[in-house]
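Here are my notes on the model, as numbered points. Please read them alongside the structure shown next.

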2 protein chains.
Amino acid sequence: MAAAYVALVHGPVVNKHGAPITTAVTGLNVHDIARTVATYGARRYYLVTPLEAQRRLVTRITAHWREGHGAAYNTTRRDALALVHVAATLDDAVADIAAREGQPPRLVATSARRPDGVAPVSYLRLREALKAGGPPVLLVFGTGWGLAPEALGRADALLPPIHGPGPYNHLAVRAAVAVVLDRLLGEDDPGPGA
Amino acid sequence: MAAAYVALVHGPVVNKHGAPITTAVTGLNVHDIARTVATYGARRYYLVTPLEAQRRLVTRITAHWREGHGAAYNTTRRDALALVHVAATLDDAVADIAAREGQPPRLVATSARRPDGVAPVSYLRLREALKAGGPPVLLVFGTGWGLAPEALGRADALLPPIHGPGPYNHLAVRAAVAVVLDRLLGEDDPGPGA
């Protein structure tokens with residue numbers, strides 16, 4: 001099994017008009033996505049933000065649950081938050097993974113739209129590639145209205161938007177991370193009647 | 001396609017010691033799950049709580065986004081929150097669905113554990129049953145540490161817990177709803193290379 005990593009990018013992302021912004025870290029995205037990352041066996045979860053004060057905030061939240069009163073109160077939360085790391089840029093996250101794994105990760109971006117210029121990869125093909133081993137994979141998610149072009153341009157491949165039966169696709173990023181990890185790393189369906 | 005509905009039960013559920021409790025509604029579970037329900041084409045999303053003040057709170061949140069300033073600011077949020085309804089009990093939600101659909105729904109419960117006494121159904125089999133049409137299905141999720149035995153006892157079938165490759169399975173209920181709806185109602189994978 002290839003090592004999978006998750007990055008949630010707070011900057012550079014775009015706002016609803018496509019202009020570059022930096023979003024605020026929300027505590028909920030720290031907790032929910034850490035629990036999802038732990039459930040699906042991804043190795044680390046990077047909160048990427050250029051703002052140093054925001055990185056300190058994340059470190060304070062995780063310290064409470066990793067070492068403080070929270071660790072004794074809720075051990076499953078502690079285990080999930082142990083996977084949380086901060087990074088100033090996507091490049092810093094990539095460098096951290098390369099140092100741990102001995103090779104740089106393949107960057108796979110996600111988008112609720114279908115931006116041009118990045119090679120598409122299907123969920124099934126990436127699932128099979130992960131199962132077959134090989135280089136680590138960094139799954140990159142954007143906050144706000146999605147990754148800025150410069151972040152998308154760094155990606156080696158792009159997963160298709162998540163759709164149900166209709167045109168509405170406005171999942172919370174927390175929900176999108178869960179669906180993507182389930183599609184890529186969830187256990188195989190045991191089959192009818194199981 | 002059979003009509004799918006979602007219920008998030010705040011009481012009766014159990015706490016970490018298995019004792020019956022009623023949990024508080026959190027605004028985030030209103031928003032996130034409404035967006036997931038809209039994305040996957042489920043018909044209605046019931047917040048089930050025996051507390052009248054909590055039901056009024058939900059109605060106030062949804063009114064802001066359905067009619068107030070929020071509706072103009074964020075139309076996709078409005079469309080999602082239009083699917084939100086409150087119910088005092090699971091039976092009230094069942095009665096509402098029966099009145100809309102002309103027949104009562106099949107109740108399918110979810111659990112992070114594997115409680116005894118409810119017939120199991122696999123994701124694949126339920127996905128096929130939904131696709132084949134037939135009676136409506138109400139997917140029932142619990143808050144806290146899960147549905148109380150009396151709520152589980154009402155269910156016609158039980159979906160297996162969501163697992164990744166390891167033993168950790170402590171998804172936020174918001175994430176679990178997204179994964180379950182994707183497994184049951186997500187578009188078919190277009191296949192490798194798509």
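Predicted model: local features only at pLDDT ≥ 70, side-chain atom pairs only at ≥ 80, totals over all residues.

1. Two strands pair if DSSP finds at least two bridges between them. Helices (H or I, at least four residues) and strands (E, at least two) are DSSP runs, numbered from the N terminus. On that basis, V6(A) has Y45(A) in β4(A) as its bridge partner.

2. Residues are numbered from 1 along each chain as its sequence is written, chains are lettered from A and ligands numbered from 1 in the order in which they are written, and side-chain values use heavy atoms, with hydrogens and water left out.

3. Chain A has an open sheet of six strands with parallel pairing, in the order β5-β4-β1-β7-β6-β8. Its edges are β5 (84–87) and β8 (157–159); each has a single partner strand, so one side of each lacks a neighbour in the sheet. Neighbouring strands are turned by 30° against each other on average, direction ignored. Angles here run from 0 to 180 degrees between N-to-C directions, and axes are lines fitted to C-alpha atoms, for helices over the stretch in contact.

4. Helix α1 (residues 27–39) of chain A packs on this sheet and touches β1, β4 and β5 of chain A. Contact means heavy atoms within 4.5 Å. The direction of α1 makes about 155° with that of β4(A).

5. In chain B, β4 (residues 45–48) runs parallel to β1 (residues 4–9), with four bridges. A7(B) stands opposite Y46(B). Four bridges also join β4(B) to the parallel strand β5 (residues 84–87). There, V48(B) has A87(B) as its bridge partner.

6. Is β4(B) covered or open on its faces? Both faces are covered: Y45(B) and L47(B) on one side, Y46(B) and V48(B) on the other, are all buried. Buried means under 20% relative accessible area (1.4 Å probe, protein chains only). In a regular strand the side chains alternate between the two faces of the sheet.

7. Between the chains, α8(A) and α8(B), each residues 173–185, pack at about 50° with axes 8 Å apart. That makes α8(A) oblique to α8(B): angles under 35 degrees count as roughly parallel, over 145 as roughly antiparallel, 65 to 115 as roughly perpendicular and the rest as oblique. Residues meeting there include A178(A) and D182(A) from α8(A), and A178(B) and D182(B) from α8(B).

Key: Buried < 20%, exposed > 50% of the residue type's maximum accessible area, 1.4 Å probe, protein only.
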